Amino acid sequence: MFLTNVLLKKVKSKHTMVLMESMVSGHKYNVFRERLADKLELVHFDPWIGQMSVYKERKKIRSANVKRFTEPK
């Protein structure tokens, strides 16, 4: 194996930005999650209806090398 093959390898990021969509109103926002984790499904405040609702992950937007980020609650 050549040294150039080792130096030019791409490193996969640990986190991914995903699109979260409300099941009630269709409101969307982005959040970071670990790349190898399961799809997110969480309860979050929906500003369009003014109360808490269920959000589900719709699609991956991009990979992200984030050193600090907050976990969704």
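Colleague: Which residues does E57 touch, leaving out those up to four places away in sequence?

Modeller: E57 touches V18, L19, M20, R33, K39 and L40. Each counts as a contact because heavy atoms lie within 4.5 Å. A word on the ground rules: this is a predicted model, where local features need pLDDT of at least 70 and side-chain atom pairs count only at pLDDT 80 or more, while totals for chains, interfaces and linings use all residues. Residues are numbered from 1 along each chain as its sequence is written, and side-chain values use heavy atoms, with hydrogens and water left out.

Colleague: Why is E57 called buried?

Modeller: Its relative accessible area is 6%. Buried means under 20%, exposed means over 50%, and partly exposed is in between (1.4 Å probe, protein chains only), so E57 is buried. E57 sits in strand β4; strands are DSSP runs of E with at least two residues, helices are runs of H or I with at least four, and both are numbered from the N terminus.

Colleague: What makes the link between the side chains of E57 and R33 a polar contact?

Modeller: The distance is 2.9 Å. A polar contact is a pair of N or O atoms within 3.5 Å; within protein, one must be able to donate a hydrogen and the other to accept it, and residues adjacent in sequence count only if both atoms are side-chain atoms. The E57 side chain also reaches the backbone nitrogen of L40 at 3.0 Å.

Colleague: And E21, is that buried or exposed?

Modeller: At 19% relative accessible area, E21 is under the 20% limit and therefore buried. E21 lies in strand β1, residues 15-22. Its side chain makes a polar contact of 3.0 Å with the side chain of R58.

Colleague: Why is the pair of Y29 and Y55 called edge-to-face?

Modeller: The structure holds one aromatic pair. In it, Y29 and Y55 are 5.1 Å apart, centre to centre, with 75° between the planes. Rings of Phe, Tyr and Trp (its six-membered ring) pair if their centres lie within 6.5 Å; planes under 30 degrees apart are stacked, over 60 edge-to-face and the rest tilted, so this pair is edge-to-face. The pair links distant parts of the chain, with Y29 in strand β2 (residues 28-34) and Y55 in strand β4, 26 residues apart. Y29 is buried at 18%, and Y55 is buried at 0%.

Colleague: How do you know that V54 is partly exposed?

Modeller: V54 has 33% relative accessibility, which falls between 20% and 50%, so it is partly exposed. Strands β3 (41-46) and β4 (51-64) each supply at least two of the patch residues.

Colleague: How many helices and strands are there in the protein chain?

Modeller: One helix and four strands, in the order α-β-β-β-β along the sequence. Of the 73 residues, 27% are buried.
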